Amino acid sequence: MPRDGQHRPDLPDVVVIHCHDLGRHLGCYGAATVASPHLDALAAEGVLLEQMFAAAPQCSPSRAALFTGRWPHTAGVLGLTHHTFGWDLNAGEKHLARHLGEAGYRTELVGVMHEARRGSNEQIAAALGIDRVRTGGRHMQVAEAAEEAVARLAGEPEPYYLQVGFSEPHRLPGEHDAPGVMGFLGDEISPDQSLGVQVPAYLEDTASAREEVAELQGAIRAMDSASGRVLAAIEAGGRAHNTVVVFTTDHGLALPRAKCSLYDPGLEVAFIVRWPAGGWDGGRRLHRARTNIDVVPTLLDALGLESTDAPPMHGESFAADLGGALEVDDPEEVIYGEMTYHDYYDPRRCIRTPRAKLIVNFTSAPEFMDPSQSWNRRCVPVERRNGNAGSHPTVELYDLLADPLELTNMAEDPAYAQTRADLLRQLGDWMLQTQDPLLDGAVTSPLHQDSLKAVRG
């Protein structure tokens, strides 16, 4: 890609490592039975955000937010980007890689790319503004490609941006699976019970749940090992002191009432950064809630780069906090979340404060979308012991202090009427300010348009 003359040799290298479906299920986030030594070490050396949330609880919309700093419904990615779903970033949306490329960075992507419509590697490179793209591969193949990229890029004088995407711990079909089940192992991963098995509190602790969570723990351990190879390559490249390393994920675990839901287990994500030269180090932990739309503005702010020729970002920089500024808690802090399409049309919007979560549902779809990709489900939510699933209520309201698992809907309780009214007003204002298409009625998908073309000949 041609450079525009802004090259600054003092700029740090930037490596973003991301994976599917992890939530915050790492040892450094308190998951005691998860073996994640490499990412735990990264947290001990860098800065960990305890309350980072995704803009959306599914793959492509969350990544669109992560890499553009804009809400998915504004950026154009309201659902999955691969065939046949077909969502894509709107024309003019600017990916982090394009920002950095214009500042003189060499840019490269290996592994998962799920924030824009899929195509050939050359098409993806042109669409996102990335010099070189190599998609696909399981964890160790991606790690090997990343090792090669770091060794090559670190030998050049320009700073580099490397985006490394792991599929794991996404569910993978494999020989271990029983009929009607898609687990987490594929054909290359083994379950991990080396530290025991702990079933998340929002699920029934049963033998079948423990079996499934052991598989999940094995997939996380495999991803952690591959991430460790990337981190070791950065050290071997000799530029680690002035390299911004970001580790994150797209959304919560691929378990019921997590992924594809606006409850906290669906929106919570790990976020760890390390940049010794910039003071992003020391094993510090930041508590204030953030959303992943804040990541691009934070990186550009920290690097002293301006967002030019791009739509305005919705996120805000927290670079000062990462650099050691005193973090100020805000008892009124608000974050938002959204879902429109995943497996099917299920539009929802939410607002969250430290005290309460309000969700508005725009269809009467099932109470929560099941992300198990299986006919036979091994994990069951605690509030659905009899196996029945109802439909969405119009409004859900949860007292996060008294009910952190979000099990008891207080939306019709008179004692919460003022909270409900206040949060509904704020949510409506946000939808208006961000030009949410739901305000104009139901949203049709790219597949809907393709189907219309088919029936019309």
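The sulfur of Cys260 lies 7.5 Å from the closest cysteine sulfur, that of Cys59, which is too far for a bond. The sulfur of Cys350 has its closest cysteine sulfur in Cys260, 14 Å away, again too far for a bond. A disulfide is counted when two cysteine sulfur atoms are within 2.5 Å, and by this rule the count is zero. Cys260 is buried, at 1% relative accessibility, and Cys350 is buried with a relative accessible area of 1%. Buried stands for under 20% relative accessible area, exposed for over 50%, and partly exposed for what is in between, with a 1.4 Å probe and protein chains only.

The model is predicted: local features need pLDDT of at least 70 and side-chain atom pairs pLDDT 80 or more, while totals for chains, interfaces and linings use all residues. Residues are numbered from 1 along each chain as its sequence is written, and side-chain values use heavy atoms, with hydrogens and water left out.

In soluble globular proteins, nonpolar side chains tend to be buried together. A nonpolar core is here a set of buried Ala, Val, Leu, Ile, Met, Phe, Trp, Tyr and Cys residues joined through side-chain atoms within 4.5 Å. The largest such core has 65 residues, of which Leu96, Leu100, Tyr161 and Trp280 touch the most other members. Helix 9 (residues 295-303) gives the most to this core, namely five residues. Another core lies apart from it and has 56 residues, including Val142, Val199, Ile234 and Ala258. Helices (H or I, at least four residues) and strands (E, at least two) are DSSP runs, numbered from the N terminus.

Next come the aromatic rings. Rings of Phe, Tyr and Trp (its six-membered ring) pair if their centres lie within 6.5 Å; planes under 30 degrees apart are stacked, over 60 edge-to-face, and the rest tilted. The structure holds seven aromatic pairs. In one of them, Trp71 and Trp430, the ring centres are 5.0 Å apart and the planes stand at 85°, so the pair is edge-to-face. This pair links distant parts of the chain, 359 residues apart: Trp71 is in the loop between helix 2 (59-68) and helix 3 (72-75), and Trp430 is in helix 11 (residues 417-433). Both Trp71 and Trp430 are buried. The rings of Phe271 and Phe318 have centres 6.0 Å apart and planes at 75°, so this pair is edge-to-face. Phe271 belongs to strand 9 (residues 271-274) and Phe318 to the loop between helix 9 and helix 10 (319-322), 47 residues apart. Both Phe271 and Phe318 are buried. Ring pairs also link Trp71, Tyr336 and Trp430 into a cluster.

Some rings have a charge over the face, meaning that NZ of Lys or CZ of Arg is within 6 Å of the ring centre and within 35 degrees of the ring normal. Arg24 lies over Phe53, at 4.8 Å from the ring centre, and Arg257 lies over Tyr263, at 3.8 Å.

Helix 7 (residues 207-236) has 30 residues, and at 1.5 Å a residue should span 44 Å; its end C-alpha atoms are 43 Å apart, which agrees. The expected span is 1.5 Å times one less than the number of residues. Just after helix 7, Gly238 takes a positive phi of about 80°.

Ser167 is in the loop between strand 6 (160-166) and helix 7, and is buried with a relative accessible area of 14%. Leaving aside neighbours within four places in sequence, Ser167 is in contact (heavy atoms within 4.5 Å) with His20, Val112, Gly137 and Arg138.
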